[in-house]
Amino acid sequence: MSAKAITEASGKDILNRHLNTHGAGAATCRFSTVNSTTDWSKLAVDHPWLLTTPLVCKPDQLIKRRGKLGLIGVKKNFEQVKQWIGERLNKDQKIGNAVGKLRNFIIEPFVPHTDAEEMYVCIYSHRAADTILFYHQGGVDIGDVDAKAVKLDVPVNSSLSLADVKSKLLKEVKDAGTKERIAKFVSALYTTYVDLYFTYLEINPLVVTADNLYILDLAAKLDSTADFICRPKWGEIDYPPPFGRDAYPEEAYIADLDAKSGASLKLTILNRNGRIWTMVAGGGASVIYSDTICDLGGASELANYGEYSGAPSEQQTYEYAKTILNLMTSSPKHPDGKVLITGGGIANFTNVAATFQGIITALREFQPKLVEHNVSIFVRRAGPNYQEGLRKMRDFGSTLGIPLHVFGPETHMTAICGMALGKRPIPQTASVEFSTANFLLPGGQQAQADLKAASDASEALGSGSADEADSAGISGAQRNGSSLNRKFFSNTTKAIVWGMQQRAVQSMLDFDFICRRDEPSVVAMVYPFTGDHKQKYYWGHKEILIPVYKKMSDAIHKHKEVDVMVNFASMRSAYESTLEVLEFPQIRTVAIIAEGIPENMTRKLIIEADKKGVAIIGPATVGGVKPGCFKIGNTGGMLDNILHSKLYRPGSVAYVSRSGGMSNELNNIISKATDGVIEGIAIGGDRYPGSTFMDHILRYQADPETKLIVLLGEVGGTEEYDVCAALKDGRITKPLVAWCIGTCASMFTSEVQFGHAGSCANSDRETATAKNKGLRDAGAYVPDSFDTLGELIHHVYGELVKTGRVVPKEEVPPPTVPMDYSWARELGLIRKPASFMTSICDERGQELIYAGMPISEVLSKDVGIGGVISLLWFQRCLPSYVCKFFEMCLMVTADHGPAVSGAHNTIVCARAGKDLVSSVVSGLLTIGDRFGGALDGSARQFSEAYDTNLHPMEFVNKMRKEGKLILGIGHRVKSINNPDVRVKIIKEFVLENFPACPLLKYALEVEKITTNKKPNLILNVDGVIATAFVDMLRNSGSFTSEEAQEYINVGAINSLFVLGRSIGFIGHYMDQKRLKQGLYRHPWDDISYVIPEQYN
């Protein structure tokens, strides 16, 4: 939802900070807020005026007509206010059908005034303008303000003049001085309204006294999608739930997930103790499921409304499902058990198997509680990889211990609602109509040439020029004159795609290929964040290159044949990128995919597009499809669904929908009920779509190849009434089947914002029920529910066939297209040996995983660097004393001064101007048996001696006879009389904490023998770490003897020295840079030049 109501306190706070900067001349709104946690003593200290002035108090919870309801306390002192609020705080209050608790209040100074000083001001936005309402009398008894108030429309992207305010709004204000003051206030209010992206702002009353203007009561809505623009000005805004519905922490959690995700995740809890729970994919589908449940008598038991869509990850879907299941199983048991409806339409691009895996993981976690609550689960879904998703769900269902029924696209989308509520029998087996791999047949490239002749039969789409369409006699003015009365797409349409959307572009090319187009529809891409280059794609079996440009102007000028732009820019940049492309007259159609573009920006785009005669599809849309010709982005989903829905050739039925997800379901329904789709457009779910239902319906009316029109409207807005008017006045003469989703809204006791930004009724006229009645009365074919929409379409189509007005289109087999390797692999259709294998880390999911432990758990458990080493080096959590040992080793080996060879090399490189990595690597390359790298050798020597039961003396004698040094014994500086403190620290820790350390003790016995010969032949740092490391591997209980020996053999022990000494090398590098040391040259006097005598 974009337009969200805010509290009166939030609205007044915003106006306090910004209104008078525009010259409003209004008094600052003084107020304080109260809830159950308020400290009244502190409140009086923070707001001393509370003790010195008469007060007004009222609930601040989006309650309308508080005065009429007796919910305003007037002219009370501070103690009386405390008593008044105390009597109502956390008490139930019934307002209309909604019952809720009063939790938040606002206290303000009482402003003495007369009734004549009360006035009414309201500003609200609609498609083409902002409307300002003014009435010279305000207050609780204002009555029907729509009928009384004077209205002034300010067109989008234009300014408001003081002269207009005075002459058109303030006619009834007689005093010239007062009129001037009010005019300045209204002008400043409107400027603030626009600048801060308000969508609704009502002040009743505005009190105008002789010396000031006071805002008494205020109601406001903000465009929440403008948060990225307005947050610095708004501050932190809390959007409260409508009265009668408490804000649940679970809703806040899902809202937070949604904010952090590119997907859409929504949750509204309607009845926490309800029996019927839903987990629905898709904004439009989620509304339809709620409609159907309510139609079947389940309104009072419907527990929640929500949706997940936009390709959420497996982890995000798991979090969403887990939240639903926790709510479902934490409420009281129901005597009839509970049902979970996991439904959805046919996805365009969401990987069904991946999302289902997240749901399955959550179901597995809650399995005992689901059994305890006697839950039955009903699943219906389709889309990319849905077969694998349904298979996984069926397989899991057989082990769940509760009924789990699974269906695919062969079952009507909402049929599972009737099954779940006992209104429809549950089929034992479902017939699967098609599979994902149907297009994996040979000969695809040749098929295009072989079937070229057959394609001529379907060229009817291309027949009939745009001029012929325009001359079809459409009456009635349109926004663009005749600019939208044209065919948007043909089988020669060429497009530019804004954004690096490789999957969507490949989908468009594959569609082109199976439609037997001669050339790809995408000729170029624009992406400002990379240099000009070419991107590789497939055209059937062949590889082709599509140019990618940094600048839109370059793409346009080099591709004059382009007239469509598909804009995948984000909500932050879609406005600018669309405005830019509107400057090029050759572009006639723009599809804007992004959801969440601020409404003011969308309205400005509509105005600019209208001026230039450009059609906009979207925002917040998947796009549209012209079977046999062109499709936008991901419309239609995977190729298997395109083939199944016969979108590769034209049919006779055109549709227009708001929902992109439901457009795919309509493709499926229409392909079953008729000879298929001739064109389908999803205009988008935002409040102000770039093109309207009527724009497209009138195009379909003008197209002689379109025989039947389908409209899928929804709750909110009034555009469907334009269709009613056109049906009545004869502009629409073709059969129109229509249904508006959202009929359930009137059955809820509190306002519910559905998945689309525009799907919220602001009046009875905007309800889905009223619209369906209006369409039926105007002559449209309207089903009883969405459940029977397909049957009605089939009936109307059958009548057209019977009367000869439709000749069913001939089937033309499409060429086959090879499946992408990556997708085939994901579907499990092929296998290939991996180039790499890894068993320590996985970054593919929602969260980085170290050897099975999520990174959040690594941090929350505070395992430290030692714990991370244990996970990444040894694939397991080792005991805490082992992790501490690792960390001690890193600390004691981190550095040993600048004189050692590794540090010396690092310093020399740093002073030569080399970078950090090069300098550190030069130091690391010196590590070996002579410097630092003796740990592995020491471990092997001591282990072999100990394992072969050599007495320490025998070991020493053996090494002497072989002429080998004992690695880990000896030091240049330290001796038995000047011991190495590092060795002492590690040795004492190991002896105290390790369960057994036989090899370290063996090494200490060897040290006794070697120091008798020479005092500096001590057990050094290498030796003590190496032997202790082996003791850890062998005696910690975490490794088998084979694993322990393998780690010794692969050289794992040296890793501690390499990692530890890297810390010191980095320190030396930074030290030299900090000291700004110049190029190092070794002094001559420290070099012994031994030069051969000159040959005589």
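Okay, a definition to begin with: a crossover counts as right-handed if, with the strands pointing away from the viewer, the path from the first strand over the helix to the second runs clockwise. Helices here are DSSP runs of H or I with at least four residues, strands are DSSP runs of E with at least two, and both are numbered from the N terminus.

A word on what we're looking at. This is a predicted model, so to speak of local features we need pLDDT of at least 70, side-chain atom pairs count only at pLDDT 80 or more, and totals for chains, interfaces and linings use all residues. Residues are numbered from 1 along each chain as its sequence is written, and side-chain values use heavy atoms, with hydrogens and water left out.

Right, first stop. Strand β18, helix α13 (residues 386–400) and strand β19 form a right-handed β-α-β unit. What are the neighbours of β18? Strands count as paired if DSSP finds at least two bridges between them. On that basis, β17 (residues 338–342) runs parallel to β18, joined by five bridges, and T342 has V379 as its bridge partner. β18 is also parallel to β19 (residues 404–407), this time through four bridges, and there F378 is partnered with H405.

So why is β18 described as largely enclosed by the rest of the structure? Because six of the six residues in 375–380 are buried, meaning under 20% relative accessible area; exposed is over 50%, partly exposed is in between, using a 1.4 Å probe and protein chains only. In a regular strand, side chains alternate between the two faces of the sheet. In β18, one side has V375, I377 and V379, the other has S376, F378 and R380, and all of these are buried.

Next, the surface. There's a nonpolar patch of about 540 Å², made by L916, V917, V921, L925, I1066 and M1070. The elements giving two or more residues to that patch are α33 (916–924) and α40 (1054–1074). α33 has the largest share, three residues. Take V921, which sits in α33: V921 is partly exposed, at 38% relative accessible area. For the record, patch residues have over 30% relative accessible area and no salt bridge; nonpolar side chains (Val, Leu, Ile, Met, Phe, Trp, Tyr) are joined within 5 Å, like charges within 9 Å. A salt bridge is a Lys or Arg side-chain nitrogen within 4 Å of an Asp or Glu carboxyl oxygen. Areas come from Shrake-Rupley with a 1.4 Å probe, and for residues only the protein chains shown count as cover.

Last stop: an open three-stranded sheet, ordered β33-β34-β35, with antiparallel pairing. Its edge strands are β33 (841–842) and β35 (853–854).
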